[in-house]
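Take a look first, then read on.

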Amino acid sequence: MHFDVFNGDADGIIALLQLRLAEPKKSTLITGVKRDIQLLQQVPITQASSVTVLDISMEKNYSALEGLINNNIKVFYVDHHRFGDIPNSENLTSIIDTDANICTSLLVNQHLAGRYVLWAIVAAFGDNMLQAAEELSEKQGLSISEQAQLKALGIYINYNGYGLTVDDLHIAPEILFKNLLSYPNPFTLIDEPDSIFSTLEKAYFSDMKQASNAKVLYENEALQALELEDASWSRRVSGVFGNELANQNPARAHAVLTLNPDSTYLVSLRAPLENKQGAGDICAQFETGGGRAAAAGINQLSLEKLGKFIELVSKYYQ
Ligand SMILES: [Mn+2]
């Protein structure tokens with residue numbers, strides 16, 4: 001049995017979408033909310049013959065990966081997060097690149113020689129890799145309004161991945177992936193009335209409107225930190241809201257802190273767009289933190305550690 005294991009955000013879903021449009025395959029899907037990255041351990045070794053892994057850190061899934069390849073299961077691994085060691089095994093084929101301007105869907109696009117490049121552009125916009133997305137759009141000769149449509153779709157799919165559990169999400173990532181499989185061309189989806197595109201669009205604008213009233217916890221030249229209440233809408237909107245703040249103020253870092261039901265903070269940290277480094281290293285200093293240089297997070301930051309977090313971030317980007 002083949003297993004497809006993928007992050008539930010735009011990048012993870014669209015990485016798999018490109019692969020399965022190119023090579024349809026009966027598979028068992030394993031995914032979750034965007035922050036649910038320890039997915040590989042869910043693959044049952046006794047049932048799997050091969051596994052495709054997309055857009056989740058190899059470092060965070062290392063022991064599960066070793067278990068699979070040591071049991072002679074073929075693994076194809078594509079990712080752009082912190083990776084630690086790459087096991088040397090003939091059972092593992094990996095494409096790993098942690099460049100801040102590349103995402104998993106762009107790596108898959110290269111692997112497929114641009115076969116579903118419009119989808120790769122959607123994913124790059126969704127992962128807030130605007131420069132890469134625009135460059136690729138121009139190569140494809142897309143008009144400004146076509147670019148804006150693909151960007152909107154990427155943002156909405158990305159937005160849909162944020163939540164504490166799948167219950168917070170409008171559409172479970174697995175369902176969203178299966179739905180998108182009917183659209184080899186994203187413009188077909190965008191042009192269709194009453195599609196998931198319009199559903200997500202409405203939901204996105206409603207949540208963003210609420211976020212615009214967020215409480216400012218801290219603000220200086222290096223950092224703006226905002227607090228969102230403990231609610232499903234906050235958990236859905238935190239990441240894309242952070243991206244929008246970053247785009248509006250590219251010289252400053254942004255932290256969106258959403259209160260968890262247990263009174264800790266769910267932290268989404270964006271490095272300044274003009275200085276895409278350090279976010280992953282800062283968040284990794286906290287027990288439940290990690291991520292990439294440009295965008296990272298902490299799942300549970302206790303209120304006592306808020307001061308330390310703000311100090312670390314504002315010093316780093318000063
Ligand atoms: Mn990604």
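What follows covers the model, the metal site, one arginine and the cavity.

## Ground rules

This is a predicted model, so local features need pLDDT of at least 70 and side-chain atom pairs count only at pLDDT 80 or more, while totals for chains, interfaces and linings use all residues. Numbering runs from 1 along each chain as its sequence is written, and side-chain values use heavy atoms, with hydrogens and water left out.

## The manganese site

Four residues coordinate the manganese ion at 2.3 to 2.8 Å: Asp11 (OD), Asp55 (OD), His80 (NE2) and Asp127 (OD). Donors here are N, O and S atoms within 2.8 Å of the metal (3.2 Å for Na, K and Ca), and since water is not among the atoms, sites may look incomplete. The sequence spacing of the donor residues reads D-x43-D-x24-H-x46-D.

Asp55 sits in the loop between strand E3 (50-54) and helix H2 (62-70), and Asp127 in the loop between helix H4 (117-126) and helix H5 (130-139), so this pair ties together parts 72 residues apart in sequence. Helices (H or I, at least four residues) and strands (E, at least two) are DSSP runs, numbered from the N terminus.

## Arg252

Buried or exposed? Arg252 has 12% relative accessibility, so it counts as buried (under 20% relative accessible area; exposed is over 50%, partly exposed in between, with a 1.4 Å probe and protein chains only). Arg252 lies in the loop between helix H10 (232-248) and strand E8 (253-259).

## The cavity

Val33, Tyr162 and Leu266 are among the residues lining the largest cavity. A cavity is a set of points on a 1 Å grid over the protein atoms alone where a 1.4 Å probe fits but cannot get out; lining residues have an atom within 4 Å of a point.

Key:
1 Å grid on protein atoms, 1.4 Å probe; cavity = no way out; pocket = protein on both sides within 12 Å on 5 of 7 lines; lining within 4 Å.
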